[in-house]
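Open the structure in your viewer and keep the selection panel at hand. The tour goes stop by stop: select, look, move on.

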2 protein chains.
Amino acid sequence: MSHKSDIEIAREAAKRPIQEIGAKLGIGADDLLPYGHDKAKVSQPFIDGLADRPDGKLILVTAINPTPAGEGKTTTTVGLGDGLNRIGKKAAICIREASLGPCFGMKGGAAGGGYAQVVPMEEMNLHFTGDFHAITSAHNLLSAMIDNHIYWGNALGIDQRRVVWRRVMDMNDRALRDIVTSLGGVPNGFPRQTGFDITVASEVMAILCLASDLADLERRLGDIIVAYTRDKAPITCRDIGADGAMAVLLKDAIQPNLVQTLENNPAFVHGGPFANIAHGCNSVMATRTALKLADYVVTEAGFGADLGAEKFMDIKCRKAGISPDAVVIVATVRAMKMNGGVAKGDLGAENVAAVQAGCANLGRHIENVKSFGVPVVVAINHFAGDTEAEIAAVTDYVAGQGSEAVLCKHWAEGSAGTEALAERVVALAEGEGSAFSPLYPDEMGLLEKIETIATRIYRADGIVADAKVIKQLEEWEAAGFGHLPVCMAKTQYSFTTDPTARGAPTGFSIPVREVRLSAGAGFVVAICGEIMTMPGLPSAPAAETIRLNEAGDVEGLF
Amino acid sequence: MSHKSDIEIAREAAKRPIQEIGAKLGIGADDLLPYGHDKAKVSQPFIDGLADRPDGKLILVTAINPTPAGEGKTTTTVGLGDGLNRIGKKAAICIREASLGPCFGMKGGAAGGGYAQVVPMEEMNLHFTGDFHAITSAHNLLSAMIDNHIYWGNALGIDQRRVVWRRVMDMNDRALRDIVTSLGGVPNGFPRQTGFDITVASEVMAILCLASDLADLERRLGDIIVAYTRDKAPITCRDIGADGAMAVLLKDAIQPNLVQTLENNPAFVHGGPFANIAHGCNSVMATRTALKLADYVVTEAGFGADLGAEKFMDIKCRKAGISPDAVVIVATVRAMKMNGGVAKGDLGAENVAAVQAGCANLGRHIENVKSFGVPVVVAINHFAGDTEAEIAAVTDYVAGQGSEAVLCKHWAEGSAGTEALAERVVALAEGEGSAFSPLYPDEMGLLEKIETIATRIYRADGIVADAKVIKQLEEWEAAGFGHLPVCMAKTQYSFTTDPTARGAPTGFSIPVREVRLSAGAGFVVAICGEIMTMPGLPSAPAAETIRLNEAGDVEGLF
């Protein structure tokens, strides 16, 4: 068992030149656009040339509802990718990029942990290949052009009270949540109240992650609704004339980024939309490219399976025409205990009964995922203090659900700790096959889609929505948006909208407070609870201790 | 004579892999951090290893006061670099990076023109290597931390009316010039009036360009004054605790970028501070690195010689301990005609008398530059319609000033068009040598420094300053800032503060409206006229026609 920190392990990594990692997938050096020696983008002509190849197997890693005990979903994604390579499969992983802003509040994070990490860690937490900066620029160009249009005569008749497109910054800056712009008189335009969101909450981010190619990206950008006229007719990004220039700003950002795991296996790290007001998955471009190049592609989705896996299936898979050949649900003994009612401070003591009680949360996720018609395996991400009796309690419970749980020790052992999981995943993916179908058809009404997710996935008795919300959904259906899937924005800590309600609660309803239309990304957002789209910094932000030490290494970021 | 556009010529360039360009300067492939195949940053350990090498010769390219006719300063910088290589010297050029925001208003620009350009043109006008995005992030992290400090109790006692640190965005967005932040109640902080500048106007940009290394960068960042207490005591970035994290964000951005000219000669393109509220030169890091690697380094400074060359000498050279071995002043027959009173529409007709009259502007710049103790040569940047009599008028005038003017045809012919200029520059630089001294000593009072520049460089009768301005300068002297050089912010179109007063005006004074302290960059800004730090977009912004064509090329950006 290692006692080194994630960053210490990452810094000791024997990284290979990125051209060697690309070569493992058959990508030539000329088709990699390098960013330094350990990061690269895959060139568009190379991707275009892959169209006729068969797809590899797609494995989704999802999890129980997260608890402060940690579940290790990304760590397991990385560990499984390495494990599949270890047993002789050509495997790649696909995960999201990190947001810069939050790293200056709480400490930034590794991509994975222990001996199951993706590197280079510092760069991935800082500017990486500039994708998020490009998204920020594209988003804010549209914002500037809207105000500029109004300034120069407002030929489109935009109602200045109904501009719905805000600005973004990849920074935790609460002062920008709610602002008044264009003060100072005539040369500065017409004052109006607006604000900034964090970049990962931008619809441009969701679009980049759902676009199938550059042409599709530009079309979706054009479809963004930015404002309404006085008689509530929508004004789009295309009306403003910003779509072409935004696509130019994003032409490199849409190309998938290739890095490596500690075991020098290929990892695509691309895109990072919010998992609440957006769908929380890495880019379709990266996933599809990986599927053409590898026999196995391991990916993950944000938050627990109730939010992440559902959106992965109903938004990403539906839109991209892909589906998982197997799903891994990550659980830990510690998280089961917390779901069983144990406080964080008491996790050290063995408590088999609590583990058993908490398994109800896991059980519901297993049922839910199976309902999409895909095979499931549970990965128990091992922690040092787990007892054999506690592990057995989880294993027995899962067996009782007709599935299998596999103990994994990738954090401490790397791929040696996921061999069994890898073998099981291969057996499932190459077995009788999945019979994937999304939860609801395109044709279902928008309100009914929300209700379906709430009752069938969350197990609520129903939804509660104001007349205003219902009328809005009907108006969108009338305007031709009824075929869109629904993107739920809800707390990740519970099946309910109460973050403290762990386990497998029953007897509750889901209040739908507000709905938003992301016409470019292609979904309707149903907001069920408080959603923060611009975080603030804490009283002692991590930024105060982040610095370069004398060796030139970054300190305080992790 | 080519009839191709700059972008057509740039796209036909036979670019060499950046490793080959690096090899010309003795930079190994491992010491280049590639960004794609045609851009790279030079690694810090490699730069550190150059300290004991002798410096090459430094050539500054400056110009007459710019007119709408165009003078071609960057084009001549590139052409001279290529010309020096053509005559067998190992030469590199050092120029500034382009700002993204303005490209969406008016069309973006080539770095150079015709057959004297730096490539890749699109990338240099878009995200390039991400330096400006890093500067934006670092600047705005400090902004967020200031408001966050106030939010969590304001232990430093910041007077919220006296926060002088704004936010920045690399975008032309007039709506952000003057805003109120932190509306929305308690969770969003204390409302206050502030605004955004464009990124190139950030003091962080000036600091990056003046820092000698990463440690010096961090020290300067710490010195930034961000606010004052109620009793006017300064609060610095170091007090806020942001300097370390900002240096981390800038650790790659400070490393010089290497690209190439159309003739495959090395070009460092790094940094781009405003030439009004900052000093308008590329980075000290790039210039110093180039001097260690090349026998000749050709660089330029923003605007005409009255602003650009003066700041180059009195700010950059003074701070970096370097000095030019020769100065090239770029003039054109067309610009001489406009300085002689001809309107832009009448430039087509031969007008020797107007050329002769306009030469007074050139003459004053020659005198001024010589007063710094450095040898001067005039480059006449040839335009197709120039007549022999007009060219002779300039040549004769310059000879009468005791200098030499050399006709250059690099726009049409590349380095073949600058051979004569290159030979003359070598003769000057390797001749009796320069006896450089800045215009004023560090010890001179701040007001006297402003007066010295106004009377000796602009030839004003004197300066006009309110008691408030004079008192402010005295306070800064008392606080220990009296040794700083002065950075003049004035129109570039005239020696006076009236942009329409061309030629060599006399009988005017320079009004000093406002002074600002850039304690991190290390200069006092004297604002003499209207200075715009956040541009707006025009009524038909270039962004509306910028798009990717079917071949994947960017259209409308140029």
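**Stop 1: the annotated site in chain A**

Select A:Thr67, A:Pro68, A:Ala69, A:Gly70, A:Glu71, A:Gly72, A:Lys73 and A:Thr74; an unreviewed UniProt entry lists them under "binding site". Bear in mind that the model on screen is predicted.

Go to A:Pro68. This residue sits in the loop that runs between strand 3 (57-63) and helix 4 (73-86) of chain A. Is A:Pro68 buried, partly exposed or exposed? Its relative accessible area is 44%, so A:Pro68 is partly exposed. Now show its contacts beyond four places in sequence: A:Met338, A:Lys344 and A:Arg502.

Next, pick A:Thr74. Here you are in helix 4 of chain A. A:Thr74 has 22% relative accessibility and therefore counts as partly exposed, since buried would require under 20%. Leaving out residues up to four places away in sequence, A:Thr74 touches A:Ile95, A:Ala111, A:Gly112 and A:Glu300.

**Stop 2: a helix pair in chain A**

Select residues 446-457 and 467-481 of chain A, which are helix 18 and helix 19. Their axes lie 8 Å apart and the helices pack at an angle of about 120°. Helix 18 of chain A is therefore oblique to helix 19 of chain A; roughly perpendicular ends at 115 degrees.

Turn on side chains at the contact. Which residues of helix 18 of chain A meet helix 19 of chain A? They are A:Leu446, A:Leu447 and A:Ile450. Across from them, helix 19 of chain A brings A:Ile470, A:Leu473, A:Trp476, A:Glu477 and A:Phe481.

**Stop 3**

Move to strand 21 of chain A, residues 486-489. A:Val486 and A:Met488 point one way, A:Cys487 and A:Ala489 the other. All are buried. Side chains in a regular strand alternate between the two faces of the sheet.

To find one of the pairings, select A:Met488 and its bridge partner A:Ala526.

**Stop 3**

Zoom in on strand 7 and strand 12 (residues 225-229) of chain B, which are joined by two bridges. Opposite B:Ile158 you will find B:Thr229 in strand 12 of chain B.

**Stop 3: B:Arg288**

Select B:Arg288 in helix 11 (residues 284-293) of chain B. Its relative accessibility is 30%, so B:Arg288 counts as partly exposed. Beyond four places in sequence, B:Arg288 touches B:Ser212 and B:Ala320.

**Stop 6**

Zoom out and superpose chain A on chain B. A turn of 180° with a shift of 0.0 Å along the axis does it, at an RMSD of 0.0 Å. The two copies are thus related as by a two-fold rotation axis. The same surface serves both: 100% of the contact residues of chain A recur in chain B.

Which residue of chain A comes closest to the rotation axis? Select A:Tyr35, whose C-alpha is 2.3 Å from that axis.

Note on methods. Residues are numbered from 1 along each chain as its sequence is written. Chains are lettered from A and ligands numbered from 1 in the order in which they are written. This is a predicted model: local features need pLDDT of at least 70, side-chain atom pairs count only at pLDDT 80 or more; totals for chains, interfaces and linings use all residues. Side-chain values use heavy atoms; hydrogens and water are left out. Two strands pair if DSSP finds at least two bridges between them. Helices (H or I, at least four residues) and strands (E, at least two) are DSSP runs, numbered from the N terminus. Copies are superposed by least squares on the C-alpha atoms of residues with pLDDT of at least 70 in both. Contact means heavy atoms within 4.5 Å. UniProt positions are given in the numbering used here, feature names are shortened, and annotations may be inferred rather than shown by experiment. Buried means under 20% relative accessible area, exposed over 50%, partly exposed in between (1.4 Å probe, protein chains only). Axes are lines fitted to C-alpha atoms, for helices over the stretch in contact, and angles run from 0 to 180 degrees between N-to-C directions. Angles under 35 degrees count as roughly parallel, over 145 as roughly antiparallel, 65 to 115 as roughly perpendicular and the rest as oblique.
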